[in-house]
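Subject: Structure for your files

Hello,

Please find the structure below, followed by notes on what was found in it.

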Amino acid sequence: MTSNEFNVLRAVELNQNKKMTQRDISKEADVSLGFVNSSLNHLINEGLILESGDKEYQISGKGYLVLEEHKVDFAILMAAGFGSRLLPITLETPKPVVAVNGKPMIETVIDGLRSIGVKKIYIVVGYKKEQFKYLQEKYGDIELIVNKDYVVKNNSSSIYAARDLLGTGNCYICEADLVVSDPKIFNKYNYKSSYMSKYIEGATGEWGFILKNNRMKKIVVGGNDLFTMAGISFWKKEDAQAIKEATIEAFSKPGHEDLYWDEIVDSILNKIDVGIQEVGHDQIVEIDNVKELCALDKSYEKYLEVE
């Protein structure tokens, strides 16, 4: 199945029993009208979509079996770090639990995941780990994984702490200190492994991607006219297994303490097929400092003088 056919199939699943023109499907699937026509015909002929004859489409049982291979099984949230760039606020509160307009950042991520039916969520904690326990009571099926090395090792230590989960299913891996304003960025079904990404025109110092035909060739730091990291990625089961194996290998060697987990991904891009899912700059916001926090929530302006 091509990516265009998959996007059409997913669009139909999201809008079952609704009257949808091919133009509607084109907009929902972000696929050209010509591709919608050919994709629909192919999917109907393959028995993946059923057509009522009145512009109503339904996913068949066979279609759901196909989608099930691409369904999100669980999510891992990385919440172990100090959040030092948000001092002095994070002296008392870990960064993911800092409230923005009354809602802790981590809850915007969890709510987005739950909106697509992700029930099992694992949170890798370290700094002030006890402050995350309330999430278990509030949401239910949440498990905390303690990263004992967060003080002395980089964020790859959180992936190492959760390594036994990798390869057990399709999963999202998310930074927990994000403000997700649009839960529609999360997809219940995903065609292939991908990083959510924001396009930055001109020069930037952000982490980003070198792509060829929507396949990631290199992860870089800084560049021009770059698709950059947005803090959330989706991994097919087999690709997550490859990350697990590469992480274990990396941690067996000296010098792994300073590794970012994305550097481990970069080392195996020749083995796995990773793309991007472009998102808008306002759909996910990463807060890097107190000034950026104040731009979203003016109640923190008293900390500007301290910074």
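**Thr108 and its surroundings**

Leaving aside neighbours within four places in sequence, Thr108 is in contact with Lys103, Leu178, Val179 and Val180, contact meaning heavy atoms within 4.5 Å. This is a predicted model, in which local features need pLDDT of at least 70 and side-chain atom pairs count only at pLDDT 80 or more, while totals for chains, interfaces and linings use all residues. Residues are numbered from 1 along each chain as its sequence is written, and side-chain values use heavy atoms, with hydrogens and water left out.

Thr108 sits in helix H5 (residues 105–114). Helices (H or I, at least four residues) and strands (E, at least two) are DSSP runs, numbered from the N terminus. Thr108 counts as buried because its relative accessibility is 10%; buried means under 20% relative accessible area, exposed over 50%, and partly exposed in between (1.4 Å probe, protein chains only). A polar atom of the Thr108 side chain lies 3.1 Å from the backbone oxygen of Leu178.

**Two other single residues**

Thr247 belongs to helix H8 (residues 237–250). With a relative accessible area of 1%, Thr247 is buried. Apart from neighbours within four places in sequence, Thr247 is in contact with Ile159, Tyr160 and Ile264.

Asn101 is in the loop between strand E4 (99–100) and strand E5 (103–104). Its relative accessibility is 58%, so Asn101 counts as exposed. Outside the four places on either side in sequence, Asn101 is in contact with Leu296 and Asp297. The Asn101 side chain reaches the backbone oxygen of Leu296 at 3.1 Å. Asn101 and Ser299 are 198 residues apart in sequence, yet their C-alpha atoms are 8.2 Å apart in space.

In H2, the residues Ile25, Ser26 and Ala29 are buried. They cover an arc of only 105 degrees around the axis, so they lie on the same side of H2; the arc is that of the directions from the helix axis to the C-beta atoms. On the other side of H2, Arg23 and Lys27 are exposed. The buried residues of H2 pack against H1, H3 and E2. After H2 comes Asp30, with a positive phi near 55 degrees.

Helix H3 (residues 33–45) has 13 residues, which at 1.5 Å a residue should span 18 Å, and its end C-alpha atoms are 18 Å apart, in agreement. The expected span is 1.5 Å times one less than the number of residues. Which residues of H3 are buried? They are Val36, Ser39, Leu40 and Leu43. Because they cover an arc of only 105 degrees around the axis, they are on the same side of H3. The face turned away from that buried side carries the exposed residues Gly34 and Asn45. The cover over the buried residues of H3 includes helix H1 (3–14), helix H2 (22–29), strand E1 (49–51) and strand E2 (57–59). H3 is followed by Gly47, which has a positive phi near 80 degrees.

Five of the five residues of strand E6 (residues 121–125) are buried, so E6 is largely enclosed by the rest of the structure. In a regular strand the side chains alternate between the two faces of the sheet. Both faces of E6 are covered, with Ile121, Ile123 and Val125 buried on one side and Tyr122 and Val124 buried on the other.

E6 runs parallel to strand E3 (residues 74–79), joined by five bridges; two strands pair if DSSP finds at least two bridges between them. Here Ala79 stands opposite Val125. Five bridges also join E6 to strand E7 (residues 142–146), again parallel, and Ile123 stands opposite Leu144 of E7. E6, helix H6 (residues 134–139) and E7 make a right-handed β-α-β unit, right-handed meaning that, with the strands pointing away from the viewer, the path from the first strand over the helix to the second runs clockwise.

**Strand E10 and its partners**

Strand E10 (residues 193–212) pairs with strand E12 (residues 274–278) in the parallel sense over five bridges, and Ser197 stands opposite Glu278. To strand E11 (residues 215–235), E10 is joined by 16 bridges and runs antiparallel. Ile210 has Lys218 in E11 as its bridge partner. The hairpin of E10 and E11 has two residues between the strands, and in it Asn213 takes a positive phi near 55 degrees.

Regards

Conventions: Polar contact = N/O pair within 3.5 Å; in protein donor to acceptor, adjacent residues only side chain to side chain.
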